[in-house]
Amino acid sequence: MLERSELADNALQALHDEGYDAPFNTQSLNADTLIFTRGREGLSLAGDWNFCVDLLDTGLRQKWFTMLPEAPEDRVEPWDYDPYMGETVPVPSCWQMQKEKWYFFEGSAWYTRPLMHDAGAGRRQILRIGAAQYDCKVFLNGEFLGNHYGGSTPFCVELTEALKPGQNWLMLCVNNTRTLDRVPMRNTDWFNYGGVYREVTLYDLPQTIIRDLFVRLAGSKIRVSAVVDGDVAQARVAIPELGVDIAVPLIDGKGDVSLDATPELWSPETPKLYDVVFTAGEDQVQDRVGFRSISREGTEILLNGTPIFLRGISVHEDDETLGKVTSDTDIRRRFAHAKALGCNYLRLAHYPHHERAAEIADEMGLMLWEEIPVYWAIDFANPATRRDAENQLRELIRRDRNRASVIIWSVGNENPDTDARLDFMRGLADIAKAEDPTRLTSAACLVNHAKLKIEDRLADHIDVIGLNEYYGWYEENFEELAEIGRNSSPDRPVVISETGADGDNTPQGPARGLFSLSYQDEVYKKQIATLRDLDYVKGMSPWILYDFRVERRQGIFQRGWNRKGLIAADKETKKPAFHTLAAYYAERAQQDQRAAAGAKKGQT
Ligand code: GCB
């Protein structure tokens with residue numbers, strides 16, 4: 001449409017109003033509007049959607065969303081984009097992976113599709129978007145229904161009131177621009193993919209809706225908390241295998257019960273899960289839940305009361321051909337590689353990964369660190385940024401807190417130790433505990449290189465000190481690592497959340513020196529030799545399982561990739577350092593098994 005259209009408020013406004021997007025930046029779709037969807041049947045909206053990139057935000061300025069479908073021949077005024085025809089992309093996808101011309105595109109993009117509606121009266125329609133990077137504005141039949149910030153967490157929007165019988169038009173405006181107030185900010189070491197890259201699903205639900213369900217082991221009891229939206233006084237929870245089927249009284253929609261039950265505890269060796277069914281009025285949800293405890297005592301991390309060592313690896317959610325789109329097959333391959341490495345644990349860096357990851361880890365018996373992208377520089381003093389980070393954390397926790405595999409909520413990565421950062425991140429750690437007191441908190445902190453010591457004021461406010469150190473790579477003098485080890489005496493467990501080196505396995509890779517496979521392997525050997533003797537180090541997740549795509553690395557050996565993977569970007573070719581770490585983890589696993597057997601013997 002041109003500016004003379006009556007659909008734009010007025011011609012000049014569309015051209016000159018720089019506050020055009022303010023009415024839409026409401027962040028009204030957030031943790032409080034999320035709906036528990038496990039065990040629900042939804043209608044998948046996967047498939048081709050009409051699509052248009054919109055660098056200048058013309059769509060919001062001219063209000064493309066108010067344009068009605070019409071044959072081009074019948075239109076009486078010129079138009080700048082027709083939401084109903086033209087290019088299409090599949091949902092889910094990242095636009096960078098669809099066409100080369102969109103590879104570096106950052107800005108708004110419009111997604112449109114028809115939606116048929118014929119549900120009976122008294123039903124509610126809830127749309128859930130698994131993730132859209134980064135800002136998503138939702139329109140139905142020209143009406144603005146809400147906005148979500150945060151590129152990796154799900155959100156829900158109720159369509160009920162705006163839906164009409166028959167054909168409707170759903171439009172999403174998704175914007176991946178990196179800005180100063182966002183989480184993450186402008187500079188990251190992973191690719192800034194854009195788009196609706198996780199599933200979009202429509203749920204047809206009764207009037208009463210189960211909004212939230214939190215099931216966990218709390219002390220020696222199973223505790224169930226629920227939030228129900230609707231006029232019911234009582235719900236029911238059943239765990240058939242444990243013979244549990246009891247009423248849950250609801251007061252103002254909230255229910256909370258503790259049950260006596262002795263479930264078999266979940267662990268990597270015995271990843272036992274139980275079906276949990278929760279019913280309120282006509283609504284019902286189901287989950288598969290494992291019960292276990294995770295705690296810390298001094299410098300130990302205890303799983304079900306027994307000290308453990310986290311044999312881990314870090315992973316990004318990235319794929320050579322699909323970008324951030326993932327699948328069960330991709331996740332299972334990732335976890336199978338982690339198991340082949342001898343891992344019992346993964347760090348899902350640096351943002352919430354697909355929710356299937358934790359579900360599959362529950363089944364396969366892997367422990368997880370999950371994280372929000374409070375990464376490097378963040379506008380710590382900005383209340384809007386803080387609200388965004390807090391919301392992303394709440395959305396992640398509410399999404400995954402029934403997953404036994406998740407043992408750590410991480411509130412950030414490598415942030416400078418300033419007062420504003422301390423206040424911001426301490427606040428996040430408190431929120432994590434308030435939302436879920438049954439897990440440990442952490443953050444990837446930095447070494448104080450001047451004092452050669454583990455020192456970060458945030459450490460007092462988290463359970464596990466995550467430590468990123470790159471001795472042998474960014475830090476040249478390897479001897480300093482041992483000195484840091486000697487100079488530090490943390491009062492809580494330390495996990496080496498990152499360490500590593502690049503190794504280019506392509507034909508262009510060097511035969512020796514930095515970026516060679518032999519150099520990478522050497523760094524792993526030296527790291528293992530030093531770290532194995534630090535008794536407060538209770539785990540590690542070296543950087544990283546697979547090579548991953550990134551804009552900021554354009555060196556002759558990197559060529560748009562971070563090549564610190566133990567496996568190349570093809571997710572197949574193992575580098576020598578893979579085998580070095582696998583050998584250490586095999587030895588470590590045996591040692592830990594012997595120690596556990598000894599401890600058991602001592603108890604009997
Ligand atoms: C880090 C960052 C990670 C980078 C990595 C690297 O410390 O946490 O995001 O990708 O180093 O390769 O430099």
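In these legends a cavity is a set of points, on a 1 Å grid over the protein atoms alone, where a 1.4 Å probe fits but cannot get out, whereas a pocket is an open set with protein on both sides within 12 Å along at least five of seven lines, and lining residues are those with an atom within 4 Å of a point. The model shown is predicted, so that local features need pLDDT of at least 70 and side-chain atom pairs count only at pLDDT 80 or more, while totals for chains, interfaces and linings use all residues. Residues are numbered from 1 along each chain as its sequence is written, and side-chain values use heavy atoms, with hydrogens and water left out.

**View 1. The second largest cavity and its lining.** The second largest cavity holds about 60 Å³ of space, where a volume is the space filled by probe spheres set on the grid points, which are joined across faces, edges and corners. Its lining consists of 13 residues, and those nearest the centre are I454, L467, L481, I484 and L534. Two elements, α7 (479-487) and β30 (494-498), each give two or more residues to this lining, and α7 gives the most, with three residues; helices (H or I, at least four residues) and strands (E, at least two) are DSSP runs numbered from the N terminus. By class, the lining of the second largest cavity has eleven nonpolar residues, one polar and one charged, with Ala, Val, Leu, Ile, Met, Phe, Trp, Tyr, Cys and Pro counted as nonpolar, Asp, Glu, Lys and Arg as charged, and the others, Gly among them, as polar.

View 2. The model has five cavities of 30 Å³ or more, and the largest cavity contains about 210 Å³ of space. Among the 21 residues that line the largest cavity, Q133, Y134, P184, W190 and N192 lie nearest its centre. Domain 1 (21-205) and domain 3 (309-567) each contribute at least three residues to this lining, the domain bounds being taken from an automatic or database domain assignment. Nine of the lining residues of the largest cavity are nonpolar, nine are polar and three are charged.

**View 3. The largest pocket, where α9 gives the largest share of the lining.** The space in the largest pocket comes to about 900 Å³. It is lined by 31 residues, and T306, P307, I308, D592 and A596 are the closest to its centre. Two or more lining residues come from each of β21 (300-303), β22 (306-308), β31 (537-540) and α9 (576-603), and α9 supplies the largest share, eleven residues. The lining of the largest pocket comprises 14 nonpolar, eight polar and nine charged residues, and at least three residues are drawn from each of domain 2 (209-292) and domain 3 (309-567).

**View 4. The second largest pocket.** The volume of the second largest pocket is about 420 Å³, and of the 23 residues that line this pocket, R211, D212, V227, R398 and R401 are the closest to its centre. At least two lining residues are supplied by each of β13 (209-218), β14 (221-229), β17 (254-260), α5 (383-400) and α6 (419-435). The lining of the second largest pocket includes twelve charged residues, together with eight nonpolar and three polar ones.

View 5. Most residues other than glycine have a negative phi, and most peptide bonds are trans. A cis peptide bond with omega of about 0° joins V91 and P92, and P92 is placed in the loop between β3 (88-91) and β4 (108-117). Another cis peptide bond, with omega of about 20°, joins W543 and I544, and I544 is found in the loop between β31 and β32 (548-549). F515, a residue other than glycine, has a positive phi near 80° and lies in the loop between β30 and α8 (517-531).
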